[in-house]
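Student: I have a structure open and would like to learn how to read it. Could you walk me through it, one feature at a time?
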Amino acid sequence: MTEAPIIQIRGLEKKFKSKNGEFYALKGIDLSIERGDIFGIIGRSGAGKSTLVRCINMLERPTAGQVLFEGRDLCSLDGRDLRLARRSMGMIFQQFNLLMQRTALANICFPLELSGTPKAEAKKRAEELLDLVGLSERAGAYPSPLSGGQKQRVAIARALASRPKVLLCDEATSALDPETTVSILALIRDINKKLGITAVIITHEMSVVEKICNRVAIIAGGSIAESGLVEDVFYHPETEAAKSLVMPEALRQESLPAGRVVRIVFAGSSSLEPLVGSMILDCGKAPSILYSDIRNMDGATYGQMVMQLPDDEQACARIRAFAAAHGLSLEEISHV
Amino acid sequence: MFDAQLVEMLAEGVWDTLYMTVVSTGLSYLLGIPVGVLLVICRKGGISPRPLLYAVLDVVVNLTRSFPFLILMIAVIPFTRFLVGTTIGNNATVVPLVIAAVPFVGRLIESSLLEVDGGVVEAAQSMGASAWQIITKVLLPEALPSLLNGSAVAAITILGYSAMSGAVGGGGLGKLAIMYGYNRYQTDIMFITIILLIVIVQLFQMLGNWATKRSDKRVS
(Lines give C-alpha, C1' and ligand atoms only; values in the text may rest on other atoms or scores of the structure.)
Protein backbone atom coordinates (compact mmCIF):
# COMPACT_ATOMS: atom_id res chain seq x y z
CA MET A 1 0.00 0.00 0.00
CA THR A 2 1.45 3.29 -1.00
CA GLU A 3 -1.35 5.39 0.43
CA ALA A 4 -1.33 6.25 4.11
CA PRO A 5 -3.85 4.32 6.21
CA ILE A 6 -7.18 6.11 6.60
CA ILE A 7 -7.27 5.27 10.29
CA GLN A 8 -4.19 4.72 12.34
CA ILE A 9 -4.38 3.91 16.02
CA ARG A 10 -1.23 4.30 18.04
CA GLY A 11 -0.65 3.27 21.62
CA LEU A 12 -4.32 3.66 22.42
CA GLU A 13 -5.29 3.23 26.03
CA LYS A 14 -8.61 3.58 27.79
CA LYS A 15 -8.58 3.48 31.53
CA PHE A 16 -11.72 3.51 33.66
CA LYS A 17 -11.64 4.52 37.27
CA SER A 18 -13.83 2.64 39.65
CA LYS A 19 -14.07 2.29 43.40
CA ASN A 20 -11.73 -0.66 43.29
CA GLY A 21 -9.05 1.27 41.48
CA GLU A 22 -8.21 1.57 37.85
CA PHE A 23 -9.22 -0.75 35.11
CA TYR A 24 -7.76 -0.86 31.65
CA ALA A 25 -10.43 -1.48 29.04
CA LEU A 26 -7.86 -1.01 26.30
CA LYS A 27 -4.11 -1.02 26.47
CA GLY A 28 -1.39 -0.52 23.91
CA ILE A 29 -3.61 -0.80 20.85
CA ASP A 30 -1.88 -0.27 17.50
CA LEU A 31 -3.89 -0.73 14.32
CA SER A 32 -3.76 0.51 10.78
CA ILE A 33 -6.87 0.48 8.67
CA GLU A 34 -6.25 1.04 5.00
CA ARG A 35 -8.56 2.94 2.70
CA GLY A 36 -11.08 0.51 1.21
CA ASP A 37 -10.57 -2.15 3.85
CA ILE A 38 -13.39 -4.05 5.43
CA PHE A 39 -11.65 -4.40 8.72
CA GLY A 40 -13.03 -6.82 11.28
CA ILE A 41 -12.38 -6.45 14.99
CA ILE A 42 -13.42 -9.61 16.71
CA GLY A 43 -13.42 -10.56 20.35
CA ARG A 44 -15.52 -12.04 23.09
CA SER A 45 -17.83 -9.85 25.11
CA GLY A 46 -15.86 -7.74 27.54
CA ALA A 47 -12.74 -7.87 25.37
CA GLY A 48 -12.98 -4.14 24.75
CA LYS A 49 -14.06 -4.16 21.13
CA SER A 50 -16.98 -1.80 21.60
CA THR A 51 -14.83 0.58 23.61
CA LEU A 52 -12.28 0.45 20.82
CA VAL A 53 -14.73 1.42 18.10
CA ARG A 54 -16.11 4.19 20.32
CA CYS A 55 -12.60 5.51 20.70
CA ILE A 56 -12.32 5.80 16.93
CA ASN A 57 -14.97 8.53 16.81
CA MET A 58 -14.34 9.80 20.34
CA LEU A 59 -17.66 8.66 21.78
CA GLU A 60 -15.21 7.41 24.37
CA ARG A 61 -12.18 9.57 25.04
CA PRO A 62 -9.00 7.51 25.06
CA THR A 63 -6.86 8.16 28.12
CA ALA A 64 -3.65 7.89 26.11
CA GLY A 65 -2.51 7.35 22.55
CA GLN A 66 -3.58 8.66 19.20
CA VAL A 67 -6.34 8.03 16.72
CA LEU A 68 -5.22 9.42 13.40
CA PHE A 69 -7.98 9.87 10.87
CA GLU A 70 -6.52 10.86 7.52
CA GLY A 71 -3.43 11.90 9.40
CA ARG A 72 -5.21 14.10 11.94
CA ASP A 73 -5.25 13.14 15.60
CA LEU A 74 -8.90 13.10 16.66
CA CYS A 75 -7.93 13.01 20.35
CA SER A 76 -6.69 16.57 20.00
CA LEU A 77 -10.01 17.80 18.61
CA ASP A 78 -12.82 19.29 20.61
CA GLY A 79 -16.17 20.92 20.15
CA ARG A 80 -16.89 22.02 16.63
CA ASP A 81 -13.81 20.46 15.02
CA LEU A 82 -14.64 17.08 16.49
CA ARG A 83 -18.27 17.34 15.41
CA LEU A 84 -17.16 18.12 11.87
CA ALA A 85 -14.69 15.21 11.88
CA ARG A 86 -17.42 12.85 13.09
CA ARG A 87 -19.47 13.68 10.03
CA SER A 88 -16.88 11.87 7.92
CA MET A 89 -17.50 8.72 9.92
CA GLY A 90 -20.88 7.02 9.86
CA MET A 91 -21.78 4.62 12.61
CA ILE A 92 -24.35 1.87 12.95
CA PHE A 93 -25.30 0.00 16.08
CA GLN A 94 -26.59 -3.31 17.30
CA GLN A 95 -29.83 -1.73 18.49
CA PHE A 96 -30.13 0.46 15.36
CA ASN A 97 -30.72 3.58 17.47
CA LEU A 98 -33.22 5.16 15.12
CA LEU A 99 -35.27 8.13 16.17
CA MET A 100 -38.59 6.48 16.95
CA GLN A 101 -40.61 9.67 16.46
CA ARG A 102 -39.36 10.21 12.92
CA THR A 103 -40.19 8.40 9.72
CA ALA A 104 -37.54 6.41 7.89
CA LEU A 105 -37.03 9.29 5.50
CA ALA A 106 -36.81 11.85 8.31
CA ASN A 107 -34.30 9.66 10.13
CA ILE A 108 -32.05 9.75 7.08
CA CYS A 109 -32.52 13.51 6.81
CA PHE A 110 -31.44 13.89 10.45
CA PRO A 111 -27.65 14.09 9.94
CA LEU A 112 -28.25 16.45 7.03
CA GLU A 113 -30.34 18.70 9.26
CA LEU A 114 -27.49 18.69 11.75
CA SER A 115 -25.12 19.95 9.11
CA GLY A 116 -27.58 22.56 7.87
CA THR A 117 -28.28 21.07 4.45
CA PRO A 118 -31.27 22.75 2.76
CA LYS A 119 -34.46 20.74 3.28
CA ALA A 120 -35.19 19.94 -0.36
CA GLU A 121 -31.66 18.78 -1.00
CA ALA A 122 -31.68 16.66 2.18
CA LYS A 123 -34.92 15.01 1.14
CA LYS A 124 -33.58 14.21 -2.30
CA ARG A 125 -30.42 12.69 -0.85
CA ALA A 126 -32.45 10.69 1.69
CA GLU A 127 -34.62 9.30 -1.08
CA GLU A 128 -31.55 8.22 -3.05
CA LEU A 129 -30.17 6.49 0.02
CA LEU A 130 -33.44 4.74 0.76
CA ASP A 131 -33.30 3.47 -2.78
CA LEU A 132 -29.71 2.33 -2.29
CA VAL A 133 -30.68 0.26 0.75
CA GLY A 134 -33.79 -1.03 -1.02
CA LEU A 135 -36.45 0.56 1.19
CA SER A 136 -37.97 3.24 -1.03
CA GLU A 137 -41.47 2.01 -0.42
CA ARG A 138 -41.13 2.45 3.37
CA ALA A 139 -40.06 6.11 3.27
CA GLY A 140 -43.06 7.27 5.30
CA ALA A 141 -42.98 4.43 7.82
CA TYR A 142 -41.97 5.00 11.42
CA PRO A 143 -39.26 2.64 12.73
CA SER A 144 -41.54 0.80 15.13
CA PRO A 145 -43.33 -1.48 12.65
CA LEU A 146 -40.19 -2.13 10.61
CA SER A 147 -38.34 -5.43 10.96
CA GLY A 148 -34.85 -5.56 12.44
CA GLY A 149 -33.27 -5.86 9.02
CA GLN A 150 -35.27 -2.92 7.69
CA LYS A 151 -34.34 -0.82 10.70
CA GLN A 152 -30.67 -1.56 10.14
CA ARG A 153 -31.06 -0.61 6.48
CA VAL A 154 -32.52 2.73 7.50
CA ALA A 155 -29.66 3.13 9.99
CA ILE A 156 -27.12 2.39 7.25
CA ALA A 157 -28.75 4.91 4.93
CA ARG A 158 -28.69 7.45 7.76
CA ALA A 159 -25.03 6.76 8.45
CA LEU A 160 -24.23 7.32 4.78
CA ALA A 161 -26.18 10.55 4.45
CA SER A 162 -23.29 12.83 5.30
CA ARG A 163 -21.08 11.05 2.72
CA PRO A 164 -18.68 9.58 5.25
CA LYS A 165 -15.37 7.98 4.36
CA VAL A 166 -15.64 5.35 7.05
CA LEU A 167 -18.54 3.27 8.30
CA LEU A 168 -18.17 2.00 11.86
CA CYS A 169 -20.36 -1.02 12.56
CA ASP A 170 -20.75 -1.90 16.22
CA GLU A 171 -22.23 -5.41 16.36
CA ALA A 172 -24.50 -4.29 13.55
CA THR A 173 -25.82 -7.77 12.83
CA SER A 174 -25.87 -9.22 16.32
CA ALA A 175 -29.56 -8.53 16.82
CA LEU A 176 -30.52 -10.00 13.46
CA ASP A 177 -31.40 -13.52 12.35
CA PRO A 178 -28.86 -15.37 10.17
CA GLU A 179 -30.63 -14.67 6.90
CA THR A 180 -31.01 -10.98 7.57
CA THR A 181 -27.40 -10.88 8.73
CA VAL A 182 -26.30 -12.19 5.35
CA SER A 183 -28.29 -9.54 3.51
CA ILE A 184 -27.03 -6.71 5.72
CA LEU A 185 -23.44 -7.88 5.30
CA ALA A 186 -23.95 -8.03 1.55
CA LEU A 187 -25.22 -4.46 1.68
CA ILE A 188 -22.16 -3.33 3.64
CA ARG A 189 -19.89 -5.06 1.14
CA ASP A 190 -21.78 -3.39 -1.70
CA ILE A 191 -21.35 0.00 -0.11
CA ASN A 192 -17.67 -0.69 0.37
CA LYS A 193 -17.23 -1.65 -3.27
CA LYS A 194 -19.53 0.90 -4.89
CA LEU A 195 -18.86 3.93 -2.75
CA GLY A 196 -15.34 3.06 -1.66
CA ILE A 197 -16.25 3.50 1.99
CA THR A 198 -13.89 1.87 4.44
CA ALA A 199 -15.78 -0.31 6.91
CA VAL A 200 -14.80 -1.25 10.44
CA ILE A 201 -16.82 -4.22 11.65
CA ILE A 202 -17.01 -5.00 15.34
CA THR A 203 -18.36 -8.45 16.01
CA HIS A 204 -18.12 -11.53 18.18
CA GLU A 205 -19.12 -13.81 15.32
CA MET A 206 -16.49 -15.51 13.20
CA SER A 207 -18.93 -15.94 10.36
CA VAL A 208 -19.33 -12.18 9.98
CA VAL A 209 -15.60 -11.69 9.55
CA GLU A 210 -15.33 -14.60 7.14
CA LYS A 211 -18.11 -13.33 4.98
CA ILE A 212 -16.97 -9.80 4.32
CA CYS A 213 -13.73 -8.75 5.96
CA ASN A 214 -10.38 -8.69 4.22
CA ARG A 215 -8.46 -7.90 7.37
CA VAL A 216 -9.11 -8.80 10.94
CA ALA A 217 -7.78 -7.97 14.37
CA ILE A 218 -8.43 -10.22 17.30
CA ILE A 219 -8.90 -8.40 20.55
CA ALA A 220 -8.67 -10.09 23.91
CA GLY A 221 -8.36 -8.59 27.35
CA GLY A 222 -8.13 -5.08 25.99
CA SER A 223 -5.19 -5.74 23.66
CA ILE A 224 -4.82 -6.79 20.06
CA ALA A 225 -3.74 -10.42 20.14
CA GLU A 226 -3.23 -10.77 16.44
CA SER A 227 -4.06 -8.97 13.25
CA GLY A 228 -3.61 -9.42 9.55
CA LEU A 229 -5.28 -10.83 6.48
CA VAL A 230 -8.35 -12.86 7.36
CA GLU A 231 -7.10 -16.07 5.76
CA ASP A 232 -3.79 -15.85 7.61
CA VAL A 233 -5.27 -15.21 10.99
CA PHE A 234 -8.02 -17.74 10.57
CA TYR A 235 -6.02 -20.62 9.28
CA HIS A 236 -2.73 -20.01 10.95
CA PRO A 237 -3.58 -18.40 14.25
CA GLU A 238 -0.52 -17.87 16.36
CA THR A 239 -1.79 -16.76 19.72
CA GLU A 240 -3.96 -18.60 22.19
CA ALA A 241 -6.58 -15.89 22.03
CA ALA A 242 -6.78 -16.22 18.26
CA LYS A 243 -6.85 -20.01 18.37
CA SER A 244 -9.62 -20.12 20.89
CA LEU A 245 -11.73 -17.83 18.71
CA VAL A 246 -10.94 -19.49 15.41
CA MET A 247 -11.33 -23.07 16.51
CA PRO A 248 -14.81 -24.34 17.02
CA GLU A 249 -16.03 -25.12 20.50
CA ALA A 250 -15.72 -28.88 19.98
CA LEU A 251 -11.99 -28.59 19.44
CA ARG A 252 -10.94 -26.95 22.66
CA GLN A 253 -8.24 -28.94 24.39
CA GLU A 254 -10.53 -30.12 27.15
CA SER A 255 -13.08 -31.61 24.81
CA LEU A 256 -10.68 -33.46 22.53
CA PRO A 257 -10.55 -37.21 22.63
CA ALA A 258 -7.42 -38.98 23.80
CA GLY A 259 -4.83 -39.72 21.21
CA ARG A 260 -3.07 -37.76 18.54
CA VAL A 261 -5.20 -35.00 17.12
CA VAL A 262 -4.10 -32.86 14.22
CA ARG A 263 -5.54 -29.93 12.36
CA ILE A 264 -5.02 -29.80 8.63
CA VAL A 265 -5.53 -26.56 6.84
CA PHE A 266 -5.72 -26.15 3.14
CA ALA A 267 -5.98 -22.95 1.27
CA GLY A 268 -6.55 -21.86 -2.25
CA SER A 269 -7.05 -24.21 -5.14
CA SER A 270 -6.64 -27.61 -3.56
CA SER A 271 -9.87 -29.35 -2.89
CA LEU A 272 -9.96 -31.27 0.33
CA GLU A 273 -11.98 -34.36 -0.32
CA PRO A 274 -9.90 -36.19 -2.94
CA LEU A 275 -6.83 -35.27 -0.93
CA VAL A 276 -8.15 -36.80 2.25
CA GLY A 277 -9.28 -39.79 0.31
CA SER A 278 -5.87 -40.38 -1.20
CA MET A 279 -4.24 -39.69 2.14
CA ILE A 280 -6.23 -42.47 3.74
CA LEU A 281 -5.39 -44.81 0.90
CA ASP A 282 -1.77 -43.81 1.16
CA CYS A 283 -1.32 -44.46 4.85
CA GLY A 284 -3.52 -47.49 4.95
CA LYS A 285 -5.34 -46.58 8.13
CA ALA A 286 -8.31 -44.34 8.55
CA PRO A 287 -8.08 -41.34 10.85
CA SER A 288 -11.36 -40.37 12.44
CA ILE A 289 -12.58 -36.98 11.42
CA LEU A 290 -13.66 -34.79 14.33
CA TYR A 291 -14.44 -31.59 12.53
CA SER A 292 -14.33 -30.20 9.07
CA ASP A 293 -15.40 -27.05 7.36
CA ILE A 294 -14.92 -25.51 4.00
CA ARG A 295 -15.47 -21.89 3.24
CA ASN A 296 -15.43 -19.66 0.30
CA MET A 297 -13.63 -16.42 1.00
CA ASP A 298 -13.32 -13.89 -1.78
CA GLY A 299 -13.55 -16.60 -4.43
CA ALA A 300 -10.96 -19.00 -3.03
CA THR A 301 -11.74 -22.13 -1.08
CA TYR A 302 -10.40 -22.48 2.41
CA GLY A 303 -10.93 -25.31 4.76
CA GLN A 304 -9.80 -26.99 7.86
CA MET A 305 -10.19 -30.52 9.12
CA VAL A 306 -9.44 -31.84 12.54
CA MET A 307 -8.78 -35.54 12.83
CA GLN A 308 -7.67 -38.08 15.33
CA LEU A 309 -4.73 -40.01 13.89
CA PRO A 310 -4.55 -43.77 14.10
CA ASP A 311 -2.57 -45.15 16.98
CA ASP A 312 0.26 -46.23 14.75
CA GLU A 313 3.52 -44.34 14.41
CA GLN A 314 4.13 -45.45 10.87
CA ALA A 315 0.72 -44.40 9.64
CA CYS A 316 1.15 -41.06 11.35
CA ALA A 317 4.45 -40.49 9.67
CA ARG A 318 2.90 -41.26 6.32
CA ILE A 319 0.12 -38.82 6.88
CA ARG A 320 2.64 -36.15 7.77
CA ALA A 321 4.67 -36.86 4.69
CA PHE A 322 1.56 -36.80 2.56
CA ALA A 323 0.48 -33.45 3.95
CA ALA A 324 3.91 -31.98 3.38
CA ALA A 325 4.00 -33.28 -0.18
CA HIS A 326 0.63 -31.74 -1.00
CA GLY A 327 1.17 -28.38 0.59
CA LEU A 328 -1.28 -28.88 3.43
CA SER A 329 -0.39 -27.37 6.74
CA LEU A 330 -0.61 -29.92 9.51
CA GLU A 331 -0.50 -28.96 13.09
CA GLU A 332 -0.64 -31.22 16.08
CA ILE A 333 -3.06 -29.83 18.61
CA SER A 334 -2.95 -32.56 21.20
CA HIS A 335 -1.31 -35.88 21.80
CA VAL A 336 -2.30 -36.91 25.27
CA MET B 1 -81.61 26.91 44.18
CA PHE B 2 -80.27 27.11 40.58
CA ASP B 3 -80.99 30.78 40.11
CA ALA B 4 -79.20 32.88 37.55
CA GLN B 5 -76.92 34.31 40.21
CA LEU B 6 -75.64 30.93 41.32
CA VAL B 7 -75.09 29.75 37.76
CA GLU B 8 -73.18 32.91 36.99
CA MET B 9 -71.11 32.48 40.11
CA LEU B 10 -70.28 28.89 39.25
CA ALA B 11 -69.47 29.80 35.67
CA GLU B 12 -67.14 32.48 36.92
CA GLY B 13 -65.55 29.97 39.30
CA VAL B 14 -64.95 27.53 36.47
CA TRP B 15 -63.47 30.26 34.33
CA ASP B 16 -61.18 31.47 37.13
CA THR B 17 -60.03 27.94 37.87
CA LEU B 18 -59.33 27.21 34.22
CA TYR B 19 -57.57 30.55 33.79
CA MET B 20 -55.28 30.01 36.79
CA THR B 21 -54.55 26.42 35.84
CA VAL B 22 -53.86 27.00 32.18
CA VAL B 23 -51.78 30.15 32.65
CA SER B 24 -49.82 28.63 35.55
CA THR B 25 -49.22 25.39 33.67
CA GLY B 26 -48.03 27.30 30.62
CA LEU B 27 -45.64 29.47 32.62
CA SER B 28 -44.46 26.47 34.64
CA TYR B 29 -43.50 24.69 31.44
CA LEU B 30 -41.77 27.76 30.10
CA LEU B 31 -39.55 27.78 33.18
CA GLY B 32 -39.67 24.05 33.95
CA ILE B 33 -38.38 22.84 30.57
CA PRO B 34 -34.98 24.47 31.05
CA VAL B 35 -34.85 23.09 34.60
CA GLY B 36 -35.67 19.55 33.43
CA VAL B 37 -33.26 19.76 30.50
CA LEU B 38 -30.45 21.02 32.74
CA LEU B 39 -31.12 18.23 35.24
CA VAL B 40 -30.70 15.72 32.42
CA ILE B 41 -27.73 17.08 30.52
CA CYS B 42 -25.70 18.23 33.54
CA ARG B 43 -25.90 14.99 35.46
CA LYS B 44 -23.02 12.58 35.58
CA GLY B 45 -23.01 10.75 32.27
CA GLY B 46 -25.21 13.42 30.65
CA ILE B 47 -24.29 15.03 27.35
CA SER B 48 -22.73 18.05 29.05
CA PRO B 49 -21.85 17.04 32.62
CA ARG B 50 -21.64 19.90 35.13
CA PRO B 51 -21.68 18.24 38.55
CA LEU B 52 -21.80 21.47 40.56
CA LEU B 53 -24.69 23.01 38.63
CA TYR B 54 -26.53 19.71 38.82
CA ALA B 55 -26.03 19.44 42.57
CA VAL B 56 -27.26 22.98 43.19
CA LEU B 57 -30.28 22.57 40.92
CA ASP B 58 -31.12 19.24 42.48
CA VAL B 59 -31.11 20.70 46.00
CA VAL B 60 -33.11 23.80 45.02
CA VAL B 61 -35.73 21.66 43.31
CA ASN B 62 -36.03 19.39 46.33
CA LEU B 63 -36.23 22.32 48.72
CA THR B 64 -38.98 24.02 46.78
CA ARG B 65 -40.87 20.80 46.41
CA SER B 66 -40.84 20.11 50.12
CA PHE B 67 -42.81 23.30 50.94
CA PRO B 68 -46.49 22.60 51.51
CA PHE B 69 -48.27 24.75 48.95
CA LEU B 70 -50.35 26.73 51.40
CA ILE B 71 -47.26 27.76 53.36
CA LEU B 72 -45.32 28.57 50.21
CA MET B 73 -48.18 30.75 49.07
CA ILE B 74 -48.10 32.78 52.26
CA ALA B 75 -44.31 32.91 52.29
CA VAL B 76 -44.10 34.43 48.83
CA ILE B 77 -46.75 37.10 49.46
CA PRO B 78 -44.21 39.97 49.36
CA PHE B 79 -42.85 38.70 46.07
CA THR B 80 -46.38 38.34 44.67
CA ARG B 81 -47.21 41.88 45.70
CA PHE B 82 -44.00 43.10 44.07
CA LEU B 83 -44.81 41.33 40.79
CA VAL B 84 -48.58 41.78 40.47
CA GLY B 85 -49.29 44.64 42.86
CA THR B 86 -51.89 42.67 44.81
CA THR B 87 -52.12 39.38 46.66
CA ILE B 88 -55.68 38.44 45.81
CA GLY B 89 -57.30 37.39 42.57
CA ASN B 90 -56.31 35.14 39.73
CA ASN B 91 -53.10 36.78 38.63
CA ALA B 92 -51.84 36.99 42.19
CA THR B 93 -52.50 33.28 42.60
CA VAL B 94 -50.55 32.44 39.45
CA VAL B 95 -47.30 33.59 41.08
CA PRO B 96 -47.15 31.03 43.92
CA LEU B 97 -48.68 28.39 41.63
CA VAL B 98 -45.82 28.81 39.17
CA ILE B 99 -43.21 28.88 41.92
CA ALA B 100 -44.59 25.64 43.33
CA ALA B 101 -45.03 24.00 39.95
CA VAL B 102 -41.70 24.78 38.25
CA PRO B 103 -39.63 22.30 40.27
CA PHE B 104 -42.38 19.73 40.00
CA VAL B 105 -42.61 20.20 36.23
CA GLY B 106 -38.81 20.14 36.07
CA ARG B 107 -38.80 16.70 37.66
CA LEU B 108 -41.55 15.46 35.35
CA ILE B 109 -39.57 16.64 32.34
CA GLU B 110 -36.38 15.17 33.74
CA SER B 111 -37.95 11.76 34.10
CA SER B 112 -39.49 11.94 30.61
CA LEU B 113 -36.16 12.88 29.04
CA LEU B 114 -34.34 10.14 30.92
CA GLU B 115 -36.60 7.62 29.21
CA VAL B 116 -35.02 8.50 25.86
CA ASP B 117 -32.72 5.66 24.85
CA GLY B 118 -29.10 6.55 25.46
CA GLY B 119 -28.19 4.75 22.25
CA VAL B 120 -30.16 7.26 20.21
CA VAL B 121 -28.30 10.12 21.87
CA GLU B 122 -25.04 8.35 21.15
CA ALA B 123 -26.03 7.90 17.52
CA ALA B 124 -26.72 11.63 17.28
CA GLN B 125 -23.33 12.36 18.82
CA SER B 126 -21.68 10.03 16.32
CA MET B 127 -23.25 12.14 13.58
CA GLY B 128 -21.71 15.29 15.00
CA ALA B 129 -24.74 16.74 16.80
CA SER B 130 -24.09 19.58 19.23
CA ALA B 131 -25.57 19.57 22.73
CA TRP B 132 -28.23 22.07 21.63
CA GLN B 133 -29.12 19.93 18.61
CA ILE B 134 -29.38 16.86 20.81
CA ILE B 135 -31.78 18.69 23.15
CA THR B 136 -33.97 20.16 20.44
CA LYS B 137 -33.83 17.41 17.82
CA VAL B 138 -33.44 14.26 19.88
CA LEU B 139 -34.35 14.53 23.57
CA LEU B 140 -37.47 16.71 23.39
CA PRO B 141 -39.03 15.23 20.22
CA GLU B 142 -38.27 11.65 21.23
CA ALA B 143 -39.77 12.22 24.68
CA LEU B 144 -42.83 14.06 23.34
CA PRO B 145 -45.45 11.41 24.20
CA SER B 146 -44.13 11.12 27.73
CA LEU B 147 -43.92 14.92 28.05
CA LEU B 148 -47.55 15.29 26.99
CA ASN B 149 -48.57 12.59 29.40
CA GLY B 150 -46.71 14.45 32.15
CA SER B 151 -48.34 17.73 31.24
CA ALA B 152 -51.76 16.32 32.13
CA VAL B 153 -50.37 15.27 35.52
CA ALA B 154 -48.90 18.75 35.97
CA ALA B 155 -52.10 20.56 34.99
CA ILE B 156 -54.16 18.45 37.36
CA THR B 157 -51.75 19.00 40.24
CA ILE B 158 -51.76 22.74 39.56
CA LEU B 159 -55.56 22.66 39.47
CA GLY B 160 -55.51 21.08 42.93
CA TYR B 161 -53.15 23.77 44.22
CA SER B 162 -55.33 26.49 42.73
CA ALA B 163 -58.32 25.14 44.64
CA MET B 164 -56.24 25.27 47.82
CA SER B 165 -55.39 28.88 47.13
CA GLY B 166 -59.07 29.69 47.71
CA ALA B 167 -58.26 29.57 51.43
CA VAL B 168 -55.95 32.57 51.28
CA GLY B 169 -57.28 34.95 48.69
CA GLY B 170 -57.25 32.92 45.52
CA GLY B 171 -60.35 32.71 43.36
CA GLY B 172 -62.07 29.99 41.42
CA LEU B 173 -63.95 26.88 42.41
CA GLY B 174 -61.78 26.36 45.47
CA LYS B 175 -62.86 29.67 46.88
CA LEU B 176 -66.53 28.83 46.31
CA ALA B 177 -66.17 25.48 47.99
CA ILE B 178 -64.51 27.01 51.03
CA MET B 179 -66.79 30.02 51.20
CA TYR B 180 -70.10 28.14 50.88
CA GLY B 181 -69.26 24.69 52.07
CA TYR B 182 -66.94 25.52 54.95
CA ASN B 183 -67.92 29.00 56.10
CA ARG B 184 -71.68 28.88 55.42
CA TYR B 185 -72.42 25.17 55.68
CA GLN B 186 -74.00 25.16 52.22
CA THR B 187 -72.83 21.70 51.39
CA ASP B 188 -74.94 21.52 48.23
CA ILE B 189 -72.94 24.29 46.60
CA MET B 190 -69.71 22.70 47.78
CA PHE B 191 -70.90 19.47 46.25
CA ILE B 192 -71.54 21.14 42.90
CA THR B 193 -68.07 22.70 42.87
CA ILE B 194 -66.51 19.34 43.60
CA ILE B 195 -68.42 17.78 40.70
CA LEU B 196 -67.20 20.57 38.47
CA LEU B 197 -63.61 20.02 39.61
CA ILE B 198 -63.91 16.32 38.90
CA VAL B 199 -65.22 17.05 35.42
CA ILE B 200 -62.34 19.42 34.70
CA VAL B 201 -59.78 16.90 35.96
CA GLN B 202 -61.36 14.23 33.77
CA LEU B 203 -61.23 16.52 30.77
CA PHE B 204 -57.55 17.36 31.33
CA GLN B 205 -56.67 13.71 31.68
CA MET B 206 -58.61 12.72 28.59
CA LEU B 207 -57.00 15.48 26.59
CA GLY B 208 -53.58 14.40 27.87
CA ASN B 209 -54.19 10.76 27.01
CA TRP B 210 -55.45 11.64 23.58
CA ALA B 211 -52.46 13.86 22.81
CA THR B 212 -50.03 11.28 24.18
CA LYS B 213 -51.47 8.53 22.04
CA ARG B 214 -51.61 10.67 18.97
CA SER B 215 -48.01 11.79 19.27
CA ASP B 216 -46.58 8.35 19.97
CA LYS B 217 -45.17 6.82 16.82
CA ARG B 218 -43.81 3.75 18.60
CA VAL B 219 -47.08 1.89 18.41
CA SER B 220 -48.44 1.13 15.01
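Student: Let me start with a pair of helices: is the crossing of α1(B) and α10(B) right-handed or left-handed?

Tutor: The crossing of α1(B) and α10(B) is right-handed. A crossing counts as left-handed if the near helix is turned anticlockwise from the far one by less than a right angle, and as right-handed if clockwise. Before we go on, this is a predicted model, where local features need pLDDT of at least 70, side-chain atom pairs count only at pLDDT 80 or more, and totals for chains, interfaces and linings use all residues. Residues are numbered from 1 along each chain as its sequence is written, and chains are lettered from A and ligands numbered from 1 in the order in which they are written.

Student: At what angle do the axes of α1 and α10 of chain B cross?

Tutor: Axes are lines fitted to C-alpha atoms, for helices over the stretch in contact, and angles run from 0 to 180 degrees between N-to-C directions. Helices themselves are DSSP runs (H or I, at least four residues), as are strands (E, at least two), numbered from the N terminus. Here, α1 (residues 4–41) and α10 (residues 187–215) of chain B cross at roughly 40 degrees, and their axes come within 11 Å. That makes α1(B) oblique to α10(B). Angles under 35 degrees count as roughly parallel, over 145 as roughly antiparallel, 65 to 115 as roughly perpendicular and the rest as oblique.

Student: Which residues make the contact between α1(B) and α10(B)?

Tutor: Two residues are in contact if their C-beta atoms, placed from the backbone, lie within 7 Å. From α1(B) come L10(B), G13(B), V14(B) and T17(B), while α10(B) brings I192(B), T193(B), L196(B) and I200(B). By class, that contact of α1(B) with α10(B) has five nonpolar, three polar and no charged residues. For these classes, Ala, Val, Leu, Ile, Met, Phe, Trp, Tyr, Cys and Pro count as nonpolar, Asp, Glu, Lys and Arg as charged, and the others, Gly among them, as polar.

Student: How far apart are the axes of α2 and α5 in chain B, and at what angle do they pack?

Tutor: The axes of α2 (residues 51–66) and α5 (residues 90–114) of chain B are 8 Å apart, at an angle of about 125 degrees. α2(B) and α5(B) are therefore oblique to each other, and their crossing is left-handed. On the α2(B) side, V61(B), T64(B) and R65(B) meet P103(B), F104(B), G106(B) and R107(B) of α5(B). The classes in this contact of α2(B) with α5(B) are three nonpolar, two polar and two charged residues.

Student: Now for chain A: how do the axes of α3 and α4 cross?

Tutor: In chain A, the axes of α3 (residues 104–114) and α4 (residues 119–132) cross at roughly 125 degrees and come within 9 Å. That makes α3(A) oblique to α4(A). The crossing of α3(A) with α4(A) is right-handed. Residues in the contact include L105(A), I108(A) and L112(A) of α3(A), and A126(A), L129(A) and L130(A) of α4(A). By class, the contact of α3(A) with α4(A) has nine nonpolar, no polar and three charged residues.

Student: Stepping back, how many helices and strands does each chain have?

Tutor: Chain A comes to 11 helices and 14 strands, whereas chain B has 10 helices and zero strands. The C-alpha trace of chain A spans about 75 × 50 × 40 Å along its principal axes. For chain B, the C-alpha atoms fill a box of roughly 70 × 45 × 25 Å.
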